[in-house]
Amino acid sequence: MGDQGVLNDEAEVEKGESARMSSLMGAIAIADLVKSTLGPKGMDKILQSVSSRDHAIEVTNDGATILKNVHVENAAAKVLVDIAMTQDDTIGDGTTSVAVLCGELLREAEKLLDQRIHPQTIAQGWRLAATIAREELEACATSADGEEAFRADLLEVATTTLSSKLVLYEKAHFAKLAVDAVLRLKGSGNLDSIQILKKPGGALRDSFLAEGFVLDKKIGVGQPKRVEKAIIMVANTPMDTDKIKIYGARVKVSSLSKVAEIEQAEKDKMAQKVKKICDYGINVFINRQLIYNFPEEIFAKRKVMAVEHADFEGVERLAAVLGAEICSTFDDPSTAVLGSCDLVDDIVVGEDKLLRFSGTPKHEACTLVLRGASTHVLDEAERSLHDAICVLSRTVNETRTVPGGGCTEVRMARAVDLRAPNVPGKRALAMEAFARALRAIPAIIADNGGYDASELVSKLRAAHATGSQRAGLDMAKGDVALDVTALGVRESFLSKLHVVTSAAEAAEMILRVDDIVKCAPRKREG
């Protein structure tokens, strides 16, 4: 009888082998989609929107960005997208690696299923292999001694992270910017103190780190251009009620003089509001909403710098950096929390003037001003820098690092291979499949660089077998380097650990599926 008479007629059920193969194919397809972007010589993708009128495009090789913009129907494919998003949120980098490793595990599982090995047996073998891989990863992790050595490690981690991004040819410059910004946080991990501002024009190498907070706004007409020892109010309040809103309203008056009286009443009301604001003893006023000409004129007479229409995210971050709270009413001065900084002035970037707040109470506050040829370049540079900053902020708290260039994957695979013969039963086959999936990562990296993947991975395995524990791929020469850390190829231990554990867990979850139930849509009544 099956599910007939139990489920809604419009519900769909895939069972057994059909459901399992559907899940495997969907997840492997997603992994194959981002596979070509892996590594320092990975390719880019163009993402074109079909919903917007201008068919906006994005050019990126960031795994999280690609998967976030791809709308998938397959349930297992959505699991892969979710683990990539989680990797992006928690670590910042490794989004492509986690999706590709999960896909390779499922590709190996497909072969084992063809040999009539039960999914539970495969999952048990994978769990054993994942434990061995984690132990080996911890064994090859190292921590730097001393502040200078740790900074050098951070620079290498940032450079390795940026090697697979658009900013590849300026990676040394951007790595230094990222490390300087993260070290200002002093281990707090509060990335809100680091603002990224994009200004088209110039070259990527013209990007710079500005101390303090930079706001992309202009100062009002006739107001001070430079304020020292600033006392700042950050507000979200309408400052445009000095004009009567004729459209949409019906006003009956006996003469034009009455209209003038209404206008004067509105102006008096606005003047009173500005007086209340200035009575707080401020000399800088930042508003989320517009400031019309009349209140701007009053602020100018009172020598108060007023900035209008600051975007909401910028205002929230600015308030946090200045130690202020956003005000919306001005009747009770005791409830207002004002911000402060040593200096407010304007700086010129390209052809635009920006507002800079220096000497903020949060000394870790800084702004990365990005320059680039186009908005597409700037968007990808921002994503690249965001990934590097996220990884560095995690590395500051978990200081261990591991060699990159496929070194750790081959070491973990070798450790699993050595232990697999000691495990009885078919679980050993699953462990060997886990090792093959790990070795697929350096093979894909080599393949994306246009090199002979089989030869390079074979040479890499041989190097590790003869005792070169830090051997990895040198993608600049297309050969195997006996010590990749000497080349500055270093990755975050936490990022690599998260990739292995997340990919193994997600692959196991997909493998254990035997039914896919698509629920019937809920019908509207009436």
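Predicted model: local features only at pLDDT ≥ 70, side-chain atom pairs only at ≥ 80, totals over all residues.

Me: How do you know that the span of helix α14 agrees with its number of residues?

Reply: Helix α14 covers residues 453-465, which is 13 residues, and at 1.5 Å a residue these should span 18 Å.

Me: Which residues of α14 are buried, and what makes them line one face of the helix?

Reply: The buried residues are Ala453, Leu456, Val457, Leu460, Ala463 and His464. Viewed down the axis of α14, they fall within an arc of 120°, and therefore they line one face. As a general point, an α-helix has 3.6 residues a turn, so residues three or four places apart point the same way. The elements that cover the buried residues of α14 include α12 (407-419), α13 (427-448), β14 (472-474) and β15 (479-481).

Me: Why is histidine 464 called buried?

Reply: Buried requires under 20% relative accessible area, and histidine 464, which lies in helix α14, has 2% relative accessibility, so it counts as buried. Leaving aside neighbours within four places in sequence, histidine 464 is in contact with Cys407, Val410, Arg411, Arg414, Gln469 and Ala471.

Me: What caps the N-terminal end of α14?

Reply: Aspartate 452 does, with a side-chain oxygen lying 3.3 Å from the backbone nitrogen of serine 454, and a polar contact needs such atoms within 3.5 Å. Just after the helix, glycine 467 takes a positive phi of about 105°.

Me: Why is the pair of phenylalanine 285 and phenylalanine 299 called stacked?

Reply: Ring centres must lie within 6.5 Å to pair, and planes under 30 degrees apart count as stacked; here the centres are 5.1 Å apart and the planes 25° apart, and the pair is stacked. Phenylalanine 285 lies in strand β8 (residues 284-287) and phenylalanine 299 in helix α9 (residues 293-301), so the pair ties together parts that are 14 residues apart in sequence. Phenylalanine 285 has 0% relative accessibility and so counts as buried, and phenylalanine 299, at 0%, counts as buried as well.

Me: How do you know that a charge sits over the ring of phenylalanine 493?

Reply: The charged end of arginine 400 is 4.1 Å from the centre of that ring, where the distance criterion is within 6 Å. Lysine 267 lies over the face of phenylalanine 294, at 5.3 Å from the ring centre.

How values were computed:
Residues numbered from 1 in each chain as written. Heavy atoms only, no water. Helix = DSSP H or I, 4+ residues; strand = E, 2+ residues; numbered from the N terminus. Expected span 1.5 Å × (residues − 1). Buried < 20%, exposed > 50% of the residue type's maximum accessible area, 1.4 Å probe, protein only. Arc of directions from axis to C-beta. Contact = heavy atoms within 4.5 Å. Polar contact = N/O pair within 3.5 Å; in protein donor to acceptor, adjacent residues only side chain to side chain. Phe/Tyr/Trp six-rings, centres within 6.5 Å; stacked < 30°, edge-to-face > 60°. Lys NZ or Arg CZ within 6 Å of the ring centre and 35° of its normal.
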